[in-house]
Amino acid sequence: PLVHMDRPNTLRLFQLWLNLPSHSKMVKPSFVMHWAPDIPQVVSEDGKSKVTVYAGNLLGAKACQPPPDSWAADEAHDVG
């Protein structure tokens, strides 16, 4: 998206394609956009490390919702 009218706009995307399990091969395609401000981060108590939580939970921070038919969305896989 354009943010600045007077200088170049940088846009960085990270796209991840996953091979679904056989029982999900013919599901409707799904796309999820996770914007940087919405992705939780955890800072250690001493402030020396910061972790971005892309999947699951860490120290009370819960990752964004994965696509509905993905491996991570299946509760049996205990990702979240």
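Strands here are DSSP runs of E at least two residues long, numbered from the N terminus. The model is predicted.

**Whole chain**

Show the chain as a cartoon and colour it by secondary structure. It holds four strands and zero helices, and the order from the N terminus is β-β-β-β. The chain is more spread out than a compact globule, because its radius of gyration is 16 Å, well over the 12 Å that the globule rule gives for 80 residues. Switch to the C-alpha trace and turn the view along the principal axes: the trace spans about 50 × 40 × 15 Å.

Next, colour by relative accessibility. Of the 80 residues, 11% count as buried, where buried means under 20% relative accessible area. The accessible surface of the chain is about 7400 Å², and carbon and sulfur atoms account for 57% of that.

**The largest pocket**

Select Phe14, Leu16, Val32, His34 and Pro67. Of the 48 residues that line the largest pocket, these are the closest to its centre. The pocket itself holds about 1900 Å³ of space.

**Leu13**

Select Leu13. In which segment is Leu13 placed? Leu13 sits in the segment before strand E1 (41–43). Its relative accessible area is 62%, so Leu13 is exposed, the cut-off being over 50%. The separation is 9.6 Å, for residues 22 apart along the chain.

**Leu59**

Move on to strand E3 (57–58) and strand E4 (61–62), and select the loop between these two strands; Leu59 lies there. Is Leu59 buried or exposed? Leu59 has a relative accessibility of 72% and therefore counts as exposed. Finish with the backbone torsions of Leu59. Phi is near 50°, which is a positive value in a residue other than glycine.

Technical notes: Residues numbered from 1 in each chain as written. Predicted model: local features only at pLDDT ≥ 70, side-chain atom pairs only at ≥ 80, totals over all residues. Heavy atoms only, no water. 1 Å grid on protein atoms, 1.4 Å probe; cavity = no way out; pocket = protein on both sides within 12 Å on 5 of 7 lines; lining within 4 Å. Points joined across faces, edges and corners; volume = space filled by probe spheres on them. Rg over C-alpha atoms; globule rule 2.2 N^0.38 Å. Buried < 20%, exposed > 50% of the residue type's maximum accessible area, 1.4 Å probe, protein only. Areas by Shrake-Rupley, 256 points an atom, 1.4 Å probe, with all protein chains shown as cover.
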